[in-house]
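This report walks through one protein model, part by part. Keep the sequence and the 3D view open as you read.

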Amino acid sequence: MGAGLGGCAAALALHHHGHYVVAVLDKVREFHRLGDSLGLGENAYRLLARWGCHVKEIQEIGNQSPTMKIRRWHDGKVLAEQPLMDMAGYIGHRGDYHDIFLKWVRERGIPIRMGCEVVAYSDPETSQQPSLTLASGETITADVIVACDGIKSLARHLVLGARDDPVSSGYACFRAYFEPTPQMRADPALNPLLVNGDSVNFWIGPDTHVVQNTLRSGREFNWILTHKDDGDVPESWFQPGDMEEVRRLVVDLDPQVREIIKATDRCLDWKICYRKPLSTWVSPRGHRIVLLGDSCHAHLPTSAQGASQACESAGVLAACLGMVEGREDIRVATRAYEKLRYPRTRVSQTFGEDLRDRWHGALKDVDGDVEIDPESVKIKVSLPKFLFSSPPLLQGLIVVVVAMVVAMVVAMLRVCVLLTRSNFVHTEYTTLRL
Ligand SMILES: Cc1cc2nc3c(=O)[nH]c(=O)nc-3n(C[C@H](O)[C@H](O)[C@H](O)COP(=O)(O)OP(=O)(O)OC[C@H]3O[C@@H](n4cnc5c(N)ncnc54)[C@H](O)[C@@H]3O)c2cc1C
């Protein structure tokens, strides 16, 4: 449910692992080129390639800059430079990436049904299949429902039975994406950012930073200004921003990028919200409705891993489901998925908070031109290598261990069921957690 990047990744992974994907549903009637830049890391690339996707299609439309530069706010001095692969991976336009993901799903014969808004779920206690209900009244059942309905997930409330309202992170972003005018391209100050290939730069200052990147060899330009914000702008990808406020915030920014930001005629105002970590990603009764992607592990922009982690979750869910022998064991697979993914996505989420805090604090108590240690502002890839990025021998070992754990739990469940049925022991196996 949800045909964003997470929903498409789930369909691709499940299909690859031999599961029958009934359909991918989305409430919108038509997809537009929405959003702006989004990073897909090497972890996502490896998985997509493993699922038979021609990843060159994404590489070709992504930013081609090999490195990113981390600069001082007021004069643009380069404080550190490092490979893009250390964090964002391939930066591309979300809408373009989405088009390709949708194409890959269609190529596999998986139906994508548009205009299908899910309004209710049924999570039966017994061995019955879960179901969802569309706004049209149609009901669809399946062995497993994967809810990839994004940051404002309805499934999260319906599945968990409780509301979890967004919590302000204390920051918001102004963001703009446009084609630079010929005058901008001809401007010698902007020239290095717009011609001779793509660029990626970060300007860091006290409690603020600007991300700038180009796409299509400088023919498209994206800037994102993160700033302190305790107002109550609605959490939306469509809320217009106040360019007057932007101009005020960039008044002492490096002139190289200040002018292009000041000259931008419109931008979006995106409040960065947190969701508290969920107690579970799996429906409590039947354990057959699972959350995936932003619906359960949304990331800060400084993590640059939202879409990549959704791909990882898709891979792990499909692999776990591939290990069960019968429908009665699905609950073990969905629980195993949650237990395997939860700690890793937490690391990846907190990694974004750490980077933002280091960037926003780096120049706080430093006078003008004092040198700072480049390492202190570099992006540190603290994520342990993902299962599918590990060397083949280690991969094999991890898969064997996971398989053994899943097999053990399945065996334990079976014993519990037998004992319960034969009245030897009254075990509440439905609440068993891995
Ligand atoms: C409009 C938009 C613009 C974005 N722009 C950026 C960006 O510029 N940079 C960036 O890093 N990240 C952006 N993101 C977030 C990014 O796409 C995600 O972090 C990441 O791709 C993981 O996506 P997801 O599939 O979990 O969620 P999403 O990408 O949010 O996809 C969720 C999908 O579920 C559908 N849906 C929601 N509720 C229902 C329902 N009740 N019934 C049926 N379908 C439903 C939505 O229409 C949507 O297509 C954007 C997200 C959206 C929705």
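Which elements do the buried residues of H2 pack against? They pack against strand S2 (37-40) and H11.

## Ground rules

This is a predicted model: local features need pLDDT of at least 70, side-chain atom pairs count only at pLDDT 80 or more, and totals for chains, interfaces and linings use all residues. Residues are numbered from 1 along each chain as its sequence is written.

Helices (H or I, at least four residues) and strands (E, at least two) are DSSP runs, numbered from the N terminus.

## Helix H2

Helix H2 covers residues 42-50. Its buried residues are Asn43, Ala44, Tyr45, Leu47 and Leu48. Buried means that 20 or more other C-beta atoms lie within 10 Å of the residue's own; exposed means 12 or fewer, and partly exposed lies in between, with C-beta atoms placed from the backbone. After H2 comes Gly52, which has a positive phi near 90 degrees.

## Around the ligand

The ligand is surrounded by 29 residues. A residue is near a molecule or strand if its C-beta atom, placed from the backbone, lies within 6 Å of it. Gly4, Gly6, Gly35, Gly150 and Gly293 are the closest. Two helices, H1 (5-16) and H11 (306-321), each supply at least two residues of this shell.

What is the shell made of, counted as nonpolar, polar and charged? It has 14 nonpolar, eight polar and seven charged residues. Here Ala, Val, Leu, Ile, Met, Phe, Trp, Tyr, Cys and Pro count as nonpolar, Asp, Glu, Lys and Arg as charged, and the others, Gly among them, as polar.

## The seven-stranded sheet

Seven strands form an open sheet in the order S4-S3-S12-S13-S14-S11-S15, and the pairing is mixed. Strand S4 (78-83) and S15 are the edge strands, each with a single partner, so one side of each has no neighbour in the sheet. On average, neighbouring strands of this sheet are turned by 20 degrees against each other, direction ignored. Two strands pair if DSSP finds at least two bridges between them. Strands of a sheet pair through backbone hydrogen bonds, either parallel or antiparallel.

Take S11 (residues 167-178). Seven bridges join S11 to strand S15 (residues 268-274), and the two run antiparallel. Ser168 has Cys273 in S15 as its bridge partner. S11 also pairs with strand S14 (residues 220-228), again in the antiparallel sense, over eight bridges. There, Arg175 stands opposite Ile224.

## Strand S12

Why is S12 (residues 200-205) largely enclosed by the rest of the structure? Six of its six residues are buried, so the strand is largely enclosed. In a regular strand the side chains alternate between the two faces of the sheet. In S12, Val200, Phe202 and Ile204 point one way, while Asn201, Trp203 and Gly205 point the other way.

S12 pairs with strand S3 (residues 67-72) in the parallel sense, over four bridges. Lys69 has Asn201 as its bridge partner. Arg72 has Ile204. Six bridges join S12 to strand S13 (residues 208-215), this time antiparallel. Phe202 stands opposite Val211 in S13. S12 and S13 form a hairpin with two residues between the strands, and Asp207 takes a positive phi near 60 degrees there.

## The three-stranded sheet

Three strands form an open sheet in the order S7-S8-S9, with antiparallel pairing. The edge strands are S7 (118-122) and S9 (139-141), and each pairs on one side only. The twist averages 25 degrees from one strand to the next. Axes here are lines fitted to C-alpha atoms, for helices over the stretch in contact, and angles run from 0 to 180 degrees between N-to-C directions.

S7 and strand S8 (residues 131-134) are joined by four bridges. Tyr121 has Leu132 in S8 as its bridge partner.

The largest nonpolar core has 103 residues. Such a core is a set of buried Ala, Val, Leu, Ile, Met, Phe, Trp, Tyr and Cys residues joined through C-beta atoms within 7 Å. Cys8, Ala10, Val146, Ala147, Val290, Leu292 and Leu317 touch the most other members. Leaving aside neighbours within four places in sequence, Cys8 is in contact with Ala3, Val24, Phe101, Leu102 and Val105. Contact means that two C-beta atoms, placed from the backbone, lie within 7 Å.

Phe351 is found in helix H12 (residues 330-362). Phe351 has 22 C-beta neighbours inside 10 Å, so this residue counts as buried. Phe351 and Leu300 are 51 residues apart in sequence, and their C-alpha atoms are 9.1 Å apart in space.
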